[in-house]
Amino acid sequence: EKNQYILGIETSCDETAVAIVKDGHEIIANIVASQIESHKRFGGVVPEIASRHHVEQITIVIEEAMRVAELQFSDIDAIAVTEGPGLVGALLIGVNAAKALSFAHGIPLVGIHHIAGHIYANRLIKEMEFPLLSLVVSGGHTELVYMKEHGHFEVIGETRDDAAGEAYDKVARTLKMPYPGGPHIDRLAAVGSPIIDLPRAWLEEGSYDFSFSGLKSAVINTVHNAEQRGEVISPEDLAASFQQSVIDVLVTKTVRAAKQYSVKQVLLAGGVAANKGLRSALEREFAANEGVELIIPPLSLCTDNAAMIAAAGSVMYEKGQRSDFTLNANPGLDL
Ligand code: KG4
Ligand code: ZN
């Protein structure tokens, strides 16, 4: 039988990424052109700069992926592209590149939700078994997603204010760490002790929603109060305390939801899934939780990439999902 090759394109934020995935599982090429250096001095992603970089990079990155894969466009079964959510001007570059390739080579087009991509990064590691639960933690999202089958996404809990990654980035900024702050806080936390008392937002009994803005404010207040009193706070201890608070809530709610929904697998997804503290806390928790398999992608598949978009595209293509040339960037797309 003929192999299936899906070309994935992801430009929703600050990475211009193109990948080719074979038969839904195997990464043949995975190119990520990061713009982090250009955004660093602004302390966050500048949308206009992101778009300009995507325009400059997209053709080069597509060509590089095809070269690495040693394939012709006639070998590609479908083009999967992130249609949203994300920065509209950034998404547009990927969507238009995908439409141009689709038109020029007569290749079917499949629009993919960015979060579906993050979840399907796990399928590059292990076949999915349903029902499953995915904890999606990124710079823009914090969600618990229940899946009964491929392509079915039920958001059972989400953040009511900041995303987990956003809280990491803001706390890092308070500690005068560069953007993106998550990896820096993670590194500090590993050598600090969680001895500073910070809040945990459990919300109403039984709720799977999250809230991180109170925690973020508590960290900022702790730093300001110490400054005013002329005291020195250990950044390591503060990072460890903040991280412990985030992890406690994420892990407790994930374990409870996994039980309530009797899932076979728990998948970790999104940029914050790269967090070492979170990974080991979940591993500890689910090691003892027999019957539930925990899947955690390698770091390179947690942060934005196009292999995850191709992996989701493979499944959606097989399910018969197609987009036409009216496909547009949708910054507020629902899962
Ligand atoms: O998924 P992603 O690459 O982009 C979005 O779709 O948002 O996630 C980026 C987020 C940033 O907020 C970054 O600080 C965070 O993921 N992040 C981390 C770590 N590595 C990246 N947060 C905590 N610990 C990390 N090791
Ligand atoms: Zn992402």
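The legends below describe several views of one predicted protein model. Residues are numbered from 1 along each chain as its sequence is written, and chains are lettered from A and ligands numbered from 1 in the order in which they are written. Because the model is predicted, local features need pLDDT of at least 70 and side-chain atom pairs count only at pLDDT 80 or more, whereas totals for chains, interfaces and linings use all residues.

**Figure 1. The whole protein.** The protein contains 11 helices and 10 strands; helices (H or I, at least four residues) and strands (E, at least two) are DSSP runs, numbered from the N terminus. Its C-alpha trace spans about 65 × 45 × 30 Å along the principal axes. The radius of gyration is 20 Å, which agrees with the value near 20 Å for a compact globule of 335 residues. This radius is taken over C-alpha atoms, and the globule rule is 2.2 Å times the number of residues to the power 0.38. Of the 335 residues, 50% count as buried. A residue is buried if 20 or more other C-beta atoms, placed from the backbone, lie within 10 Å of its own, exposed if 12 or fewer do, and partly exposed in between. Among contacts between residues at least 6 apart in sequence, 75% join residues at least 24 apart; two residues are in contact if their C-beta atoms, placed from the backbone, lie within 7 Å.

**Figure 2. The annotated binding site.** An unreviewed UniProt entry lists H114, H118 and D304 for "binding site"; UniProt annotations may be inferred rather than shown by experiment, and their positions are given in the numbering used here, with feature names shortened. These residues span 191 residues in sequence, yet no two of their C-alpha atoms are more than 8.9 Å apart, so they gather at one spot. H114 lies in helix α4 and is buried, with 26 other C-beta atoms within 10 Å. Leaving aside neighbours within four places in sequence, H114 is in contact with S12, T82, G84, P85 and G86. H118 also belongs to helix α4 and is buried, with 31 other C-beta atoms within 10 Å. Not counting residues up to four places away in sequence, H118 touches V136, S138, A269, G270 and M308.

**Figure 3. The shell around ligand 1.** Of the 19 residues around ligand 1, G139, G165, G182, G271 and N275 come nearest; a residue is near a molecule if its C-beta atom, placed from the backbone, lies within 6 Å of it. The elements that give two or more residues to this shell are α5 (164-174) and α6 (182-191). The shell residues divide into 6 nonpolar, 10 polar and 3 charged. Domain 1 and domain 2 both give residues to the shell, so ligand 1 lies between them.

Definitions and conventions: Nonpolar A, V, L, I, M, F, W, Y, C, P; charged D, E, K, R; others polar. Domains from an automatic or database assignment.
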